[in-house]
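Dear colleague,

I am handing over the structure we spoke about, and below it you will find a written account of what came out of going through it. Please read the account with the coordinates open beside you.

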Amino acid sequence: MNTTTFDTGIDRASSTPVPASLAELHRAREADAFPVSWARTGDDQYSVIAQWPSVHPYFVPVHGHRFDPLLVTETMRQATLLVLHAGYGVPLGHHFLLTELRFTCEPDRLAIVDATAEVEVQVACSELKRAQGHVSHLKVDMVVHRAGSPVATGSILGRIVGPETYRRIRGDRGVPGFEVPGTPPVTAGLVGRSHPEDVLLSPTPQDRLWQLRVDTGHPVLFQGEKDHVPGMLLLEAARQAAELATPSQPFVPSSGRVTFQRYAEFGIPCWIEADALPASRAGTTGITVTGSQDGSAVFLAELSTDLPTC
């Protein structure tokens, strides 16, 4: 758990529903937007109320846990976007460039047993920088509460750029792309999935090396036009690689750190490689996953699970 101090005791009657203009939070499907209301609780502090569905086409139970830990990271991402737009007035046309994401959760305390599960995400923003009247850089620390108890923590680091700056950064790659998988998936059950279309890795002759499968027609992973592979898709690919790297046991991430070095581009093979991390404590298994294109690093993920080895 992080050490950020949060103001607590939000009066939910005073919270503001997520505006219609932000309701989908960069998601094309209403069912994939989890925040429902927000409130300012202090200087650079906010509370975001989110609802998790009991049934979702992608965030599904894994290995007997009625909870997908990556639902926490997606909720944190959406809470960050909500705070940027509603709390700091960042225009919708601006781009959030994610550089680092950390999370720690307790999967056994996050099972969704009701029709929906309500959580409160306490948000504290720091390291704020501004440019041209808008926030241009920040760190977001978060604590996720369920039924009044903390069940997950995390942080997001990133910067915000306007449309013109984004076009300069992306150059001739800043146009929406289209891609369908050109390589076969690994067996879905080996990566905790039920359907081949949800598998993000293709086998290669080399041990612990896979090729990323990108399908821009996927209804959950791609919503709206994109000019690069989304970071959350890369995180899911890292989770699947960790599954494949630990075939003797289930791998449900209880913590992780992901850093992004550059964009993952369409039309260029992206190679995903997994290696074991030294055990930090008894009963913990760690995997480091790297993604690369054209010999350059795209991302580095360090994922750990507290499940005992078999």
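Asp294 has its place in the loop between strand E12 (285–293) and strand E13 (296–305). Please keep in mind throughout that this is a predicted model. Phi of Asp294 is near 50°, which is a positive value in a residue other than glycine, and the relative accessible area of Asp294 is 62%, so that, with exposed taken as over 50%, this residue counts as exposed.

Ala147 lies in the loop between strand E6 (134–146) and strand E7 (149–161), and it has a positive phi of about 55° although it is not a glycine. With a relative accessible area of 81%, Ala147 is exposed.

As for the chain as a whole, its secondary structure comes to 3 helices and 13 strands, and 52% of its 310 residues count as buried. Among the contacts between residues at least 6 apart in sequence, 68% join residues that are at least 24 apart.

Turning to the helices, two packed helices are described by the angle between their axes and the distance between the axes. For helix H1 (residues 70–88) and helix H3 (residues 231–245), the axes come within 11 Å and cross at roughly 165°; angles over 145 degrees count as roughly antiparallel, and H1 and H3 are therefore roughly antiparallel to each other. Their crossing is right-handed. On the H1 side the contact is made by Leu70, Thr73, Glu74 and Arg77, which meet Met232, Leu235, Glu236 and Arg239 in H3. Sorted by class, this contact of H1 with H3 has 3 nonpolar, 1 polar and 4 charged residues.

Is Glu243, a residue with a relative accessible area of 5%, buried or exposed? The cut-off for buried is under 20%, and therefore Glu243 is buried.

Key:
Residues numbered from 1 in each chain as written. Predicted model: local features only at pLDDT ≥ 70, side-chain atom pairs only at ≥ 80, totals over all residues. Heavy atoms only, no water. Axes fitted to C-alpha atoms, helices over the stretch in contact; angles between N-to-C directions. Helix = DSSP H or I, 4+ residues; strand = E, 2+ residues; numbered from the N terminus. Parallel < 35°, antiparallel > 145°, perpendicular 65-115°, else oblique. Left-handed = near helix turned anticlockwise from the far one by under 90°. Contact = heavy atoms within 4.5 Å. Nonpolar A, V, L, I, M, F, W, Y, C, P; charged D, E, K, R; others polar. Buried < 20%, exposed > 50% of the residue type's maximum accessible area, 1.4 Å probe, protein only.
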